[in-house]
Amino acid sequence: MTHRQAAPRWLDSEELQTWRSFTYLLHRLPTELEKQLREDAQLSYIEYYALAGLSEEPGRRMRLSELAILTNAELSRLSHLISRLEKRGFLYREPDPEDGRYTHAVLTEAGYAHVVESAPGHVERVRELVYDVLSETELRTLRTAADKITRRIEADG
C-alpha cells in the first residue's frame, strides 16, 4: 500500500492537537514506566516485558522469534537483551525441542522470582498513571481505539 496521494489530507487543528497529545503520551508513558522499573527492579521496560511474557507461558519458555514480536524488538536487539538477562541469571537459551532451527528463551527460577517481586510496583505505577485518571468508559474507549489501530497496523503489515 502506498501512502502517497494526489493531495495531502492535512490534519485540522483539532486533529493536530489530538495527534500531538497522543504522540507525547507514546513517548512519556514508557519513559515513566522505565524510570520506575529501573529504580525498583533494575530492569529496563523491555527487559521487564520480556521476563513477564516468559513468566506467563507454559514452561516459562518462548521461541525467540515470538519474544521479539511480544517485545516489539528486532532479533538483533532482542539478542543483546537476552544476553544481558542471561548474565544476570534470569533466563537461558536452548534449542527448540520440536524444531532445532529455533531457539527458546527459558525463564530461570531467579528470573521468575525477580519478575514476581517486581510486578506489584510496576502494576501500581501503571494504575497511578493510567487507571486512576480514567473512568471505566474512558478505559473501554482507550482499549477499543488501541485495538482498532493495532488491527490497521497489522493489516497494512
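Tutor: Arg61 is partly exposed, with a relative accessible area of 26%. On this scale, buried means under 20% relative accessible area, exposed means over 50%, and partly exposed is in between, with a 1.4 Å probe and protein chains only. The model is predicted, so local features need pLDDT of at least 70 and side-chain atom pairs count only at pLDDT 80 or more, while totals for chains, interfaces and linings use all residues. Residues are numbered from 1 along each chain as its sequence is written, and side-chain values use heavy atoms, with hydrogens and water left out.

Arg61 has a charged partner. Glu94 forms a salt bridge with Arg61, and their closest N and O atoms are 2.2 Å apart. Glu94 lies in strand β2 and Arg61 in strand β1, so the pair ties together parts that are 33 residues apart in sequence. A salt bridge here is a side-chain nitrogen of Lys or Arg within 4 Å of a carboxyl oxygen of Asp or Glu. Glu94 also counts as partly exposed, at 22% relative accessibility. Side chains of opposite charge can pair when their charged atoms come close.

Now the strands themselves. Strands (E, at least two residues) and helices (H or I, at least four) are DSSP runs, numbered from the N terminus. Strand β1 covers residues 61-63 and runs antiparallel to β3, with three bridges joining them. Strand β2, residues 91-95, is also antiparallel to β3, and five bridges join that pair. Two strands are taken to pair if DSSP finds at least two bridges between them. In detail, Arg63 has His104 as its bridge partner in β3, and Leu91 stands opposite Leu107 in β3. In a regular strand the side chains alternate between the two faces of the sheet.

Arg63 has another feature: it lies over the face of Tyr102, at 3.8 Å from the ring centre. The rule is that a charge sits over a ring if NZ of Lys or CZ of Arg is within 6 Å of the ring centre and within 35 degrees of the ring normal. Arg127 likewise lies over the face of Tyr131, at 5.7 Å from the ring centre.

Phi of Arg60 is near 50°, a positive value in a residue other than glycine. Arg60 counts as partly exposed, at 22% relative accessibility. Asn72, in the loop between α3 and α4, also has a positive phi, about 55°, although it is not a glycine. Asn72 is exposed, with a relative accessible area of 69%. Most residues other than glycine have a negative phi, and most peptide bonds are trans.

Leaving aside neighbours within four places in sequence, Ile82 is in contact with Leu64, Leu67, Leu91, Arg93 and Ala105; contact means heavy atoms within 4.5 Å.

In one of them, Arg125 and Glu32 meet through their side chains (3.3 Å, N to O). Arg125 lies in helix α5 (residues 109-131) and Glu32 in helix α1, so this pair ties together parts that are 93 residues apart in sequence. Glu32 counts as buried, at 18% relative accessibility, and Arg125 as partly exposed, at 23%. Arg28, Glu32, Arg125 and Glu128 are linked in a network of salt bridges. Glu34 also forms a salt bridge with Arg38, the closest N and O atoms being 2.9 Å apart, and both lie in helix α1, four residues apart, about one turn of the helix.
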